[in-house]
Amino acid sequence: MMTRSLLTSLLLASSLSAFAAVTDKVLVSDGYVREVPPGQMVSAAFMTLHNEDMDDHKIISASSPAAKTVELHTHTHENGMMKMRQVPNINIPAGGDALLKPGGLHIMLIGLTQELKKDVPVYVTIKYEDGSEKALSLPVKGMMPNAMTAH
Ligand SMILES: [Cu+2]
């Protein structure tokens, strides 16, 4: 009986570790939201995601109380113009990084519901492919004016 209960707890422990949430395997750093002038209704969140796991992971969606719609975006170059487009997910390669930065991948905040001011944090929640969610409190930072590009 002792042996069986020990075996059961070992199995339980190993399955728990195999099914640990993605939030425990991906580290988020250097996150911020771009400051926008009053009246502008869109902004974007940027961050670095580091995947410590041996499997790729994905952000499948994001949400924020600061915007009516939150989308995952990337930039593409078309005929010398930089354009944004929505992507279904953002991959974070095993053992590697996903860089969300101006001119590249970003989390688009559309229809801002609050004024973005320096030193007032914006809450953004990112959701991974396993359904686990990470709530982030991001600082608002000023940006170069030419960072805005057409959709
Ligand atoms: Cu965008």
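Predicted model: local features only at pLDDT ≥ 70, side-chain atom pairs only at ≥ 80, totals over all residues.
Q: In which pattern do they follow along the sequence?
A: The pattern is α-β-β-β-β-β-β-β-β-β-β-β, read along the sequence.

Q: And how much of the protein is buried?
A: Of the 151 residues in the protein, 23% are buried.

Q: What share of the contacts join residues at least 24 apart?
A: That share is 69%, taken among contacts between residues at least 6 apart in sequence.

Q: Turning to sheets, which strands form the open one, and in what order?
A: The open sheet has 4 strands in the order E6-E3-E9-E10, with antiparallel pairing. Its edge strands are E6 (90-92) and E10 (133-138), each of which pairs on one side only. From one strand to the next, the twist averages 35°.

Q: How many bridges join E3 to E9?
A: Strand E3 (residues 57-63) and strand E9 (residues 122-128) run antiparallel and are joined by 4 bridges.

Q: Which residues in E9 stand opposite Ile 59 and Ser 61?
A: Tyr 128 in E9 stands opposite Ile 59. The bridge partner of Ser 61 in E9 is Lys 127.

Q: Which side chains of E9 point to the buried face?
A: The side chains alternate along E9. Val 122, Val 124, Ile 126 and Tyr 128 point to one face and are buried.

Q: How many bridges pair E9 and E10?
A: E9 and E10 pair over 6 bridges, in the antiparallel sense. One of the pairs is Val 122 with its bridge partner Leu 138 in E10.

Q: What about the hairpin of E9 and E10, which residue takes a positive phi there?
A: Gly 131 does, with phi near 90°. The hairpin has 4 residues between the strands.

Q: Changing topic, which residues touch the most other members of the largest nonpolar core?
A: They are Ala 45, Ala 62, Ile 107, Val 122 and Val 124, in a core of 28 residues. At least two residues of this core come from each of strand E1 (26-34), E2, E3, strand E4 (67-78), E6, strand E7 (97-100), strand E8 (106-112) and E9. E2 gives the most, with 5 residues.

Q: What is Ala 62 in contact with?
A: Leaving aside neighbours within four places in sequence, Ala 62 is in contact with Val 70, Leu 72, Ile 107, Val 124, Thr 125, Ile 126 and Lys 127. Of these, Ile 107 and Val 124 are also listed with Ala 62 among the core residues that touch the most other members.

Q: Back to E2: what pairs with it over 4 bridges?
A: E7 pairs with E2 over 4 bridges in the antiparallel sense. Within E7, Leu 99 is the bridge partner of Thr 48.

Q: Where is His 50, then?
A: His 50 is in strand E2 (residues 42-51).

Q: Why does His 50 count as partly exposed?
A: His 50 counts as partly exposed because it has 15 C-beta neighbours inside 10 Å.

Q: What does His 50 touch?
A: Not counting residues up to four places away in sequence, His 50 touches Val 26, Leu 27 and Asp 97. The C-alpha atoms of His 50 and Ile 92 are separated by 7.1 Å, and these residues are 42 apart along the chain.

Q: One more topic: what is the phi of Asp 30 and of Asn 79?
A: For Asp 30, phi is near 55°, a positive value in a residue other than glycine. For Asn 79, phi is near 50°, again a positive value in a residue other than glycine.

Q: Where do Asp 30 and Asn 79 lie?
A: Asp 30 is in strand E1, and Asn 79 is in the loop between E4 and strand E5 (81-86).

Q: Buried or exposed, Asp 30 and Asn 79?
A: Asp 30 counts as exposed because it has 12 C-beta neighbours inside 10 Å. Asn 79 has 5 C-beta neighbours inside 10 Å, so Asn 79 counts as exposed.

Methods:
Residues numbered from 1 in each chain as written. Buried ≥ 20, exposed ≤ 12 C-beta atoms within 10 Å, placed from the backbone. Contact = placed C-beta atoms within 7 Å. Pairing = 2+ DSSP bridges. Axes fitted to C-alpha atoms, helices over the stretch in contact; angles between N-to-C directions. Core = buried A, V, L, I, M, F, W, Y, C linked by C-beta atoms within 7 Å.
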